[in-house]
2 protein chains.
Amino acid sequence: MALVVQKFGGTSVGDPDRIRNVARRVVDTARAGNQVVVCVSAMAGETDALVALAQDLGQGEPSPREYDVLLSTGEQKTIALLAMAIHKLGHGAESLTGWQMGMQTDGAHKRARIRDIDCDRLRRVLDAGSIAVIAGFQGVDDDGNITTLGRGGSDTSAVAVACALEADVCEIYTDVDGVYTTDPRIVPTARKLSRISFDEMLEMASLGAKVLQVRSVKFAKRYGVPIHVRSSFHTAEGTWVTREEDVMEKLIVSGVTFNRNEAKITLRAVKDQPGVAGRVFTPLSAAGIVVDMIVQNLSRDGSTDMTFTVPQSDYAQALKIAQDAADELGATVEGNDSIAKVSVVGLGMKDHAGVATKMFNVLAEEGINIQMISTSEIKISVVLDEKYSELAVRALHRAFVDDGGQDPSEES
Amino acid sequence: MALVVQKFGGTSVGDPDRIRNVARRVVDTARAGNQVVVCVSAMAGETDALVALAQDLGQGEPSPREYDVLLSTGEQKTIALLAMAIHKLGHGAESLTGWQMGMQTDGAHKRARIRDIDCDRLRRVLDAGSIAVIAGFQGVDDDGNITTLGRGGSDTSAVAVACALEADVCEIYTDVDGVYTTDPRIVPTARKLSRISFDEMLEMASLGAKVLQVRSVKFAKRYGVPIHVRSSFHTAEGTWVTREEDVMEKLIVSGVTFNRNEAKITLRAVKDQPGVAGRVFTPLSAAGIVVDMIVQNLSRDGSTDMTFTVPQSDYAQALKIAQDAADELGATVEGNDSIAKVSVVGLGMKDHAGVATKMFNVLAEEGINIQMISTSEIKISVVLDEKYSELAVRALHRAFVDDGGQDPSEES
């Protein structure tokens with residue numbers, strides 16, 4: 001008997017018929033001899049409607065505490081309805097809100113972090129042979145206030161519960177079949193990966209693959225609980241995200257990702273002296289702007305150029321902050337929000353030299369100029385003109401995946 | 001500084017503008033130097049929508065536990081939104097769900113009874129100078145399950161909290177101006193009462209006046225907390241429901257009520273022997289049917305007639321049960337669901353003889369036949385043909401209130 005945590009998003013529970021479908025899937029898993037915890041989001045559209053009400057009553061700046069009280073009703077609705085649907089299939093089920101399931105968080109409303117999960121009640125429900133139907137996205141702080149976990153919170157709830165219960169697997173149900181080598185809408189030959197390591201998934205999630213949230217992958221990695229990303233429409237296997245030891249074939253490149261939501265800012269002719277970087281990045285950080293890549297060229301004539309990227313949504317504010325710094329430093333500022341970041345990710349890079357060289361050559365053959373480069377042990381990212389992003393992704397996928405030494409599919 | 005509990009129903013918080021109106025009213029009360037607890041229902045229409053979802057997913061018989069989890073989201077939404085609206089007026093406010101405010105109930109889902117209220121958190125909010133915005137209708141049982149109090153639960157929540165906090169008053173805001181001597185839609189001369197005793201209000205609430213729930217009046221009576229029933233549209237005084245000692249003028253008749261939702265069943269020629277009543281009423285009780293009036297005539301020739309009334313919604317089932325009993329007892333059954341119960345209520349009856357006689361004469365003068373009679377210390381109820389109900393109410397109101405010895409308005 002395995003202990004399985006299943007997570008269904010808002011689209012999967014978007015209306016009564018879909019909730020009944022989820023109920024069938026969950027009951028099938030239980031009747032196959034497993035203990036089941038099912039974690040759900042608010043019904044599709046519900047959260048948006050609640051946010052609109054909060055914006056109205058709170059006139060654009062609703063109290064974060066009350067915002068969480070309001071939004072947490074969305075998942076509470078779903079757990080009650082799903083439990084009812086499971087009962088109708090003749091199986092025991094008990095719904096648990098964040099506070100009922102012992103989801104302890106800090107007090108940072110709208111973006112709370114999980115501190116601990118007191119699993120007593122969850123275990124009682126499971127030991128009684130029932131399915132535990134838990135509300136994703138929500139918790140409770142030390143003072144008994146309702147909190148929410150922020151974007152992607154339901155994935156995080158599901159994975160955290162799987163870790164706390166030492167579950168055998170956390171299944172994340174989505175509208176895609178699993179994790180792909182790249183976006184199939186851009187590269188038709190993109191293939192579903194059978195297995196991928198936590199580290200690769202982390203890089204891919206950070207780099208733009210939307211199927212899993214970075215936070216939930218970090219949890220799963222820390223506790224070693226495998227995640228199975230699979231389709232809510234059929235029962236075929238999806239992609240297992242697991243420990244590196246359990247990924248049998250270490251692909252040189254398991255994925256090509258891209259992100260068109262960044263912008264780049266360059267400070268030209270910055271005096272090359274200590275403290276300059278701090279003068280630029282301290283105010284950015286104070287404004288809550290997350291800087292992604294930073295590149296600084298070698299000094300020439302005592303001055304240097306420094307380039308960094310920020311989310312496009314923070315571009316205007318970041319440009320203003322950079323201009324202030326440049327004025328003070330006697331430098332000039334250039335900005336560009338028509339860029340794309342394209343990356344190749346793969347565990348096999350650790351053992352294979354020449355991946356970067358091959359990547360640069362592939363792009364050069366397509367006549368694509370590289371504006372910035374950033375690397376880690378298992379990924380190489382380049383920034384290029386946004387208009388070349390699809391061309392770059394297709395060329396890299398062809399070179400590293402389609403024609404690449406190893407087949408990305410484990411079944412081959 | 002007074003401690004005021006205010007309760008607003010679903011219509012008063014039915015949309016964002018109405019919620020803002022309630023916020024203004026609540027903040028005005030606080031700024032006048034009072035500590036304020038405000039208890040709210042779900043937004044109008046919300047509960048019906050949730051019930052429809054429960055009926056769908058639960059296929060007509062949703063789990064009572066999950067039904068409560070679902071329905072309690074309605075009030076949780078309102079408290080968050082009202083707290084936000086209060087913040088926007090520049091006043092502190094904190095919302096509290098049933099479990100957060102320490103509303104302890106038994107475990108009878110959908111109709112839980114309040115056991116205790118742990119006011120620690122409520123007091124902390126009030127002591128901090130904030131308005132406590134509490135969810136009506138909901139509580140939590142000893143095992144941490146969400147419960148709801150059933151029909152009229154928000155009135156009960158408000159009054160129970162007022163009692164637990166030893167509040168100076170519990171204000172119930174409604175769409176009428178207060179408690180009337182009878183329904184103004186039937187008798188245009190009906191007048192608002194300034195004060196009425198708990199016992200009179202209990203009789204009137206039981207007898208059909210819909211402005212307050214019986215349960216909440218019982219609470220207020222037990223703890224001696226006055227209820228002020230008043231309009232949510234203006235600030236004029238409404239009706240104070242209070243201890244008998246505080247009702248200065250004891251009216252002989254303070255109200256004329258009617259109820260057209262009952263039906264009457266007669267067992268004719270029942271053998272007059274011990275155990276017969278039990279044979280009839282035990283199965284009715286087992287079926288959850290509440291019998292209201294019971295009349296049994298004197299025995300004649302060793303047999304007797306027995307008549308009782310039940311809610312119209314239970315009429316068909318009650319008739320069948322009565323028929324089974326009659327078959328066994330060798331009696332016959334007659335039923336009639338075209339009846340009305342008309343009552344006069346007044347503290348002054350205790351000290352004034354002849355009220356019943358006057359009532360019977362008034363009805364006789366209108367040619368109205370009385371089918372059943374039932375009395376208590378402060379009320380007389382008669383059952384009559386439904387078609388005469390409005391005529392009877394008008395005649396009794398004219399005789400006892402319009403022309404009655406004392407003016408029902410305390411200000412006079």
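Which residue just after H10(A) takes a positive phi? Gly367(A) does, at about 75°.

This is a predicted model, in which local features need pLDDT of at least 70, side-chain atom pairs count only at pLDDT 80 or more, and totals for chains, interfaces and linings use all residues. Residues are numbered from 1 along each chain as its sequence is written, with chains lettered from A and ligands numbered from 1 in the order in which they are written.

**View 1. Helix H10 of chain A, residues 355-365.** Helices (H or I, at least four residues) and strands (E, at least two) are DSSP runs, numbered from the N terminus. Down the axis of H10(A), the buried residues fall within an arc of 70° (taken from the directions from the helix axis to the C-beta atoms), so they line one face. The face turned away from the buried side carries exposed Thr357(A), Asn361(A), Ala364(A) and Glu365(A).

**View 2. The side of chain B that touches chain A.** Here 27 residues of chain B are in contact with 27 residues of chain A (C-beta atoms, placed from the backbone, within 7 Å). H3(B) gives the most to this side, with 14 residues.

**View 3. The rotation axis relating chains A and B.** A rotation of 180° with 0.0 Å of shift along its axis superposes chain B on chain A, with RMSD 0.1 Å (least squares on the C-alpha atoms of residues with pLDDT of at least 70 in both). This is the relation of a two-fold axis. Among the residues of chain B, Thr73(B) comes closest to the axis, at 2.7 Å (C-alpha).

Definitions and conventions. Two residues are in contact if their C-beta atoms, placed from the backbone, lie within 7 Å. A residue is buried if 20 or more other C-beta atoms lie within 10 Å of its own, exposed if 12 or fewer, and partly exposed in between; C-beta atoms are placed from the backbone.
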